[in-house]
Structure formats: C-alpha cells, structure tokens
Amino acid sequence: MSVEFVVKGRVAAVTLCRPERMNAVDAATERELEAIWQEIEARDDISCVVLTGAGERAFCAGADLKGAETTGLEYWTESRPNGFGGLAFRRSLDVPVIARVNGYALGGGFEMVLGCDIVIASTTSAFGLPEARVGRLPLDGGMVLLQRRIPHNLAMGVLLTGRQFSAVEMQGFGIVNEVAEPQELDAAVVRWTDEIVACAPLSLRAIKQTVNRTGHLSPAEAQGLRTPALVKALKSEDALEGVTAFQEKRAPVWRGR
C-alpha cells in the first residue's frame, strides 16, 4: 500500500508513503486515496483529517511521471471529477482536512493543498505549479482553484512562471495558515487538531458542507439553503449539550447525535 490511513482520537491521519518517489501519486495511489476519502465520508467517528507525506523531503511532488504513457490530452480527457488525489475540489467530504506540508508541494501536490481547509507548513516547504516547464498544464485543480483563492496577479505569478514559492510567501498569499520550524511542525498540527476536535462533530460537518455548497450563491441565498448537515446539527442532542455545558461551566461531552 502506498497510503497509510490511521484513525486515533477522532483524528484521521492520511499519509502518502512513497518517499523514494517524493510521494508522487501514481494510478494505484490515486485509487487508494479515493477509497480512503469514501471511507471517511461514510464514518461518523472522525472530526478531522491530517494529510501529509512520509519522510522529510516532500508532502507530494505531484503526479508520478516515471513511466507515464499517456499524453497530456489523454490525461485531460480522463474523468477525475474530484481533482488531483480525489481531493483538490472534492465537495462530498464534510470533515475538515488539514494539510501538514513537510517539504515539496508541487503540481498535483499543491492542488491537494488547495483542496484542504487549513494548511500548516514547515519552513522548509516549497509550493509551485511547474507543469508549464515540462509542457503540461495544472489540469486537476491548479488553474481553476488558485485564481479563486488569491488575487489574479498572484495566481498568475504562480501559474505562468512554474517557480517554487516558500511557505512564508504562501502565507503572505493567504494559502498557508501557519508556518513552523520542522521540529515544531507536529506540535503545531496537534494544536490545530485539538481545537477542531473540541468542537461538536455535527457542527463541523454542517459548517464545511454549507461553505462547500453555497460559495456560488449570494449571501441571502446561502443563508436560506437548508443543507442536510445543517438541519441535522440544529436538531441534534449535541446542540442542547453545548448550551448546557456552557451554563454549567464544564467541557461539553459530544455524542455526534
């Protein structure tokens, strides 16, 4: 297996395990990732996902071009509705996803970062969409996501040069939430996951589902959209537990129902 999937304390760790290939994604890895995202979607014991790459060199260097036999056009015509790694623009995954970026996040690796909700990056990280430098295109999310996340000229600076950008630069662009020294990266990630897990699981799902499904609507239209997760959260026992715990000055005990 080229992807490790472990769940502990309501936090799922998804780790690309191809360090000898800079955690580049081949067809088999893509299938493993899709199966994992589908399992997470079907479970109710996960409040947060941490996506990372094994080793210290790379988060993910994108698609594994070694031995690639398809042309760019053939790659483009293949159906990948959720973008690179099944994550870049996936809208069915209502669990918050943190990118733990520990090295190179290039091409599809950067596209996967763009599919995450929170990004924690090491000072040794590097981000970029180098496809144009090898005669290819960032087809699985890069061209369509980046321009929607940051100002036009910043997005074009990334897309049209193919160069690498530091974690600090990406933080300045608004892509990275926090930059940490390599030895402090895990502690930073744990701090974020602890804060997410402290929230009601159904509230987390409702927030992410609403954000994912209403971005194209006006504020008034979005406010009136009754997403399934939102209705479930508002009618839940946890909604009452949260208020009761606040009044009793104690930590809430979430039951996910």
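Buried means under 20% relative accessible area, exposed means over 50%, and partly exposed is anything in between, with a 1.4 Å probe and protein chains only. With that in hand, welcome to a set of close-up views.

This is a predicted model, in which local features need pLDDT of at least 70 and side-chain atom pairs count only at pLDDT 80 or more, while totals for chains, interfaces and linings use all residues. Residues are numbered from 1 along each chain as its sequence is written, and side-chain values use heavy atoms, with hydrogens and water left out.

**View 1**
Helices (H or I, at least four residues) and strands (E, at least two) are DSSP runs, numbered from the N terminus. Along its principal axes, the C-alpha trace spans about 60 × 40 × 35 Å. Of the 257 residues, 47% are buried.

The accessible surface comes to about 13300 Å², and carbon and sulfur atoms account for 56% of it. Such areas come from the Shrake-Rupley method with a 1.4 Å probe; for residues, only the protein chains shown count as cover. The chain has 28 positive and 32 negative charges, and their mean positions are 3 Å apart. Here Lys and Arg count as positive and Asp and Glu as negative, while His and the chain ends are not counted. Each charge is placed at NZ of Lys, CZ of Arg, CG of Asp or CD of Glu. A contact means heavy atoms within 4.5 Å. Among contacts between residues at least 6 apart in sequence, 66% join residues at least 24 apart.

**View 1. F110 and F127, an edge-to-face aromatic pair.**
The structure holds two aromatic pairs. F110 lies in helix α3 (residues 108-114) and F127 in strand β8 (residues 126-128), so the pair ties together parts that are 17 residues apart in sequence. Are these two residues buried or exposed? Both F110 and F127 are buried. Rings of Phe, Tyr and Trp (its six-membered ring) pair if their centres lie within 6.5 Å; planes under 30 degrees apart count as stacked, over 60 as edge-to-face and the rest as tilted.

**View 2. F165 and F173, a tilted aromatic pair.**
The ring centres of F165 and F173 are 5.7 Å apart and their planes stand at 55 degrees, so this pair is tilted. F165 counts as buried because its relative accessibility is 4%. F173, at 19%, counts as buried too.

**View 3. R10, a residue with positive phi.**
Look for R10 in the loop between β1 (3-8) and β2 (11-16). Its phi is about 70 degrees, although R10 is not a glycine. With 26% relative accessibility, R10 counts as partly exposed.

**View 4. K249, in the segment after α11 (237-247).**
K249 has a phi near 55 degrees, a positive value in a residue other than glycine. Is K249 buried or exposed? At 80% relative accessibility, K249 counts as exposed.

G142 is found in helix α4 (residues 142-149), and at 0% relative accessibility it counts as buried. Beyond its neighbours within four places in sequence, G142 is in contact with E111, L129 and L159. G142 and G107 are 35 residues apart along the chain, with 7.6 Å between their C-alpha atoms. P138 sits in the loop between β8 and α4 and, at 7% relative accessibility, counts as buried. Not counting residues up to four places away in sequence, P138 touches E111, L129, E131, M143 and L159.

**View 5. I175, in the loop between α6 (167-173) and β10 (178-180).**
I175 counts as buried, with a relative accessibility of 8%. Which residues is I175 in contact with, leaving aside its neighbours within four places in sequence? They are F110, V113, L114, V119, L146, R149, I150 and M170.
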